[in-house]
Amino acid sequence: MSFSSEVKEELSHLSGHERHCEIAELSAIISLCGRLDCQNGRYELVLHTENVSVARRFYSLMKEIFQFQPEVSATQHDFLKKNRFYLITVHESDKILQVLKTVQLMNNLGQMDEEFCVKDNSVLQRTCCRRAFLRGAFLSAGSITDPEKNYHFEIACLSQEKADQIKELFAFFGLEAKIVVRKKYHVVYLKEGAMISDALNIMEAHVALMKFENVRILKDVRNGVNRRVNCEAANINKTVSAARKQIDDIEYIKSAVGLENLPENLRDVAYVRLEEPDATLKELGESLNPPIGKSGVNHRLRKLSQMAQDIREKGRL
């Protein structure tokens, strides 16, 4: 089971919410995953989904809120036999009217927007109901990438208006969601791990949140270790390169004019460097008599490097 399916499975089993929150969640599911069909002059409210968790949640909410059981059927794809489609249908016009009025998907004229527009829906007045609506929206049209691979959370909408509404609901909770158009969908998405954690918390997917955070912590630790290792490796490479150049410069001076002709302080450092090519500046300083600090060693090595450069350019000191 994918991580996205695990989250939906957890959300589909949540219980103990107030009726107004259940209505808000149902409003999102119908808005994003339902349609109103007309068969032989009779209307049907139909939910069509491939996810059993969504079908289960829709059925249980309908039964809990309205005390009637919609008709449930399952079919298989003609080509992909393992894929099942779930259809949950409300046939009776009076029941459909009751549902649409309750979830505020019908205007004051008794007309329903074909796209189940829920802009400024009065069921979203409470903070808890906004949480429930986002939960229903994710169940219906959302997905979340396995955090082991990447951080990505999205809800796909058929209209810009729905996408804007969901973006505004995330903004209410302090999350800066973005919208991108992908084929016929307007996709509301979050990319940062911290915001996705907050989204899971808002929807009350607490088990998934703990799993997500555990993965995120391990990835942060792993990335931190990798950064430190890379930094140390870079420092070692830099030190080795510097030491190699110092030795090349000293060897050049030795062959060109001889180290015995150097001032005593520079001659001592040159010999120590040749004897200990892998030593650090601190270790070189401790090998001298009398010992000197890192800055003193660095100063003398820089002078030797400048001497070598002068000899290369002028042929002499």
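I began with helices H1 and H8, which are therefore roughly antiparallel to each other (an angle over 145 degrees counts as such). The model is predicted, with local features needing pLDDT of at least 70 and side-chain atom pairs counted only at pLDDT 80 or more, while totals for chains, interfaces and linings use all residues. Residues are numbered from 1 along each chain as its sequence is written, and side-chain values use heavy atoms, without hydrogens and water.

I looked up the axes: those of H1 (residues 3–12) and H8 (residues 206–256) come within 8 Å and cross at roughly 150°. Axes are lines fitted to C-alpha atoms, for helices over the stretch in contact, with angles from 0 to 180 degrees between N-to-C directions. Helices are DSSP runs (H or I) of at least four residues and strands (E) of at least two, numbered from the N terminus.

I then listed the contact (heavy atoms within 4.5 Å). H1 contributes Phe 3, Glu 6, Val 7 and Glu 10, and H8 contributes His 206, Val 207, Ala 208, Lys 211 and Phe 212.

Next I took the sheet. It is open, has 4 strands in the order E1-E2-E4-E3, and pairs antiparallel (pairing needs at least two DSSP bridges). E1 (34–39) and E3 (71–76) stand at the edges with a single partner strand each, so one side of each has no neighbour in the sheet. The twist from one strand to the next averages 30°.

I checked E2 (residues 42–49) against E4 (residues 84–90): they pair antiparallel over 5 bridges. Thr 49 has Tyr 86 in E4 as its bridge partner.

Last, I noted that H3 (residues 52–66) lies across E2, E3 and E4, at about 15° to E4. H4 (residues 93–102) lies across E1, E2 and E4, at about 60° to E2.

Technical notes:
Parallel < 35°, antiparallel > 145°, perpendicular 65-115°, else oblique.
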